[in-house]
Amino acid sequence: MRIEVTEQFVIISNADGVKPGIYFYDHALNEIEFFPRFSLKEAPYNLEVHQDPDFGLLQVFIAGTNTLTIIEMVKNKAGENRFNLVNEAFIAAEEQPFASDQTYVAKSADYLVIK
């Protein structure tokens, strides 16, 4: 399990529970959005978050074993949150040799780093 806290959300990744996925909660821990993922028995879904409050943009990068998925959230003119899932935006060319191997992700102002 991994947790990230943003201005609007508490984001939790659950890789090996009953209902694996990425959960978005408000700060009162009311579920706002859920994106199902496949179960990872030994490795977590690592999270990296990029926020741009000026544009009402939130990007969540989810690194699973051999994959990178992106969830984007934008606010429309009415102030409502709209989510978009870019499933498996990156898939590693080679299988990692162990189920417990992890893909790591980091974000700076200009770069997204995947290891």
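Predicted model: local features only at pLDDT ≥ 70, side-chain atom pairs only at ≥ 80, totals over all residues.
Is Tyr 45 buried or exposed?

Residues are numbered from 1 along each chain as its sequence is written, and side-chain values use heavy atoms, with hydrogens and water left out.

Okay, the answer. Tyr 45 is buried, at a relative accessible area of 1%; buried means under 20%, exposed over 50%, and partly exposed in between, using a 1.4 Å probe and protein chains only.

Where does Tyr 45 sit? In the loop between strand S4 (31-36) and strand S5 (46-52). Strands here are DSSP runs of E, at least two residues, and helices are runs of H or I, at least four, numbered from the N terminus.

Beyond its neighbours within four places in sequence, Tyr 45 is in contact with residues including Arg 2, Ile 22, Leu 40 and Ile 62, contact being heavy atoms within 4.5 Å. Phe 38 is on that list too, and the Tyr 45 side chain reaches the backbone oxygen of Phe 38 at 2.5 Å.

Zooming out to the whole chain: ten strands, zero helices. Of its 115 residues, 37% count as buried. And among contacts between residues at least 6 apart in sequence, 38% join residues at least 24 apart.

Technical notes: Polar contact = N/O pair within 3.5 Å; in protein donor to acceptor, adjacent residues only side chain to side chain.
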